[in-house]
Amino acid sequence: MIYGVILAGGTGSRMGGEKPKQYLALKGRPIIIYTIEKFFTCPDFEKVIVLCPKEWVEHTKNLVKKYIEPALDKIVVIEGGATRNETIMNSIDYIAETGVLDENTIIVTHDSVRPFVTHRIIEENIAACEKYGACDTVIPATDTIVESTDGRKISSIPKRDVMYQGQTPQSFKALRLKQVFDSLTDDEKSILTDAAKILVLKGEPVALVAGETFNIKITYPYDLRIAKSLLEDEE
């Protein structure tokens, strides 16, 4: 079975204000609703699991009921974890408790504040995950990447033609991801930046899926202005 997993655990501190950024309005509707709709309309998913902070669970359920009422049997909203990867593990635990978790179960994990993901990206994630066991959505780096280990001077400048910028979705065979995560030491877990690194740390393959430059993550107020323009282009 294949599950969509929407990660809505962010607090939105970089956006400013008290409301998490996934609940901010974009042309009259919350950002998270645009994202959920992209997954809801994908026929491959058994369910779409939305994970958010405990205090926002009921609010998120109400938003789903208000904007996507026919989807109530396909969309479930549950509490996330303290970190991004713990949130993903919560989704896997939910699948184990309510559905089928075996070596073929796939999760397509996605940031709730990337509402411009396409069905092409989702479908290619599923296909790559079925073939390789895991995949990450990326776009080629267009700017030179500069590394600094001390934050004051350049340590190295990697070759740009082998550098990519990570997006989401990131997709995984869920059972294997959990097994590898559970095998990590506390020190290994402390350096994780995303779920793909769980497998990379253990030398397991993670395939690349081509993203889109417009598959932006809405993080700062400026991003909201870009998102409004993108929505106008879709109309």
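**A mixed sheet and the elements packed around it**

In this predicted model, helix H3 (residues 84–98) lies across strands E1, E4, E5, E6 and E8, and its direction makes about 140 degrees with that of E4. Here helices (H or I, at least four residues) and strands (E, at least two) are DSSP runs numbered from the N terminus, contact means heavy atoms within 4.5 Å, and angles, from 0 to 180 degrees, are taken between the N-to-C directions of axes, which are lines fitted to C-alpha atoms, for helices over the stretch in contact. Helix H5 (residues 174–183) also packs on the sheet, where it touches E6 and E8 and runs at about 105 degrees to E8.

The sheet itself is open and is formed by 7 strands in the order E5-E4-E1-E6-E8-E7-E9, with mixed pairing; two strands are taken to pair if DSSP finds at least two bridges between them. At its edges stand strand E5 (75–79) and strand E9 (207–210), each of which pairs on one side only. On average, and with direction ignored, neighbouring strands of this sheet are turned by 30 degrees against each other.

Strand E1 (residues 2–7) is joined to strand E6 (residues 106–111) by 6 bridges in a parallel arrangement, and E1 also pairs in the parallel sense with strand E4 (residues 47–52), over 5 bridges. Tyr3 stands opposite Ile107 in E6 and has Lys47 as its bridge partner in E4, while Gly4 is placed opposite Val48 in E4. In a regular strand the side chains alternate between the two faces of the sheet. In E1 both faces are covered, with Ile2, Gly4 and Ile6 buried on one side and Tyr3, Val5 and Leu7 buried on the other; buried means under 20% relative accessible area, exposed over 50%, and partly exposed in between, with a 1.4 Å probe and protein chains only.

Helix H1 (residues 31–40) is largely enclosed by the rest of the structure, because 7 of its 10 residues are buried, namely Ile31, Ile32, Ile33, Tyr34, Thr35, Ile36 and Phe39. Ile157, by contrast, lies in the loop between strand E7 (134–140) and strand E8 (164–173).

Residues are numbered from 1 along each chain as its sequence is written, and side-chain values use heavy atoms, with hydrogens and water left out. As the model is a predicted one, local features need pLDDT of at least 70 and side-chain atom pairs count only at pLDDT 80 or more, whereas totals for chains, interfaces and linings use all residues.
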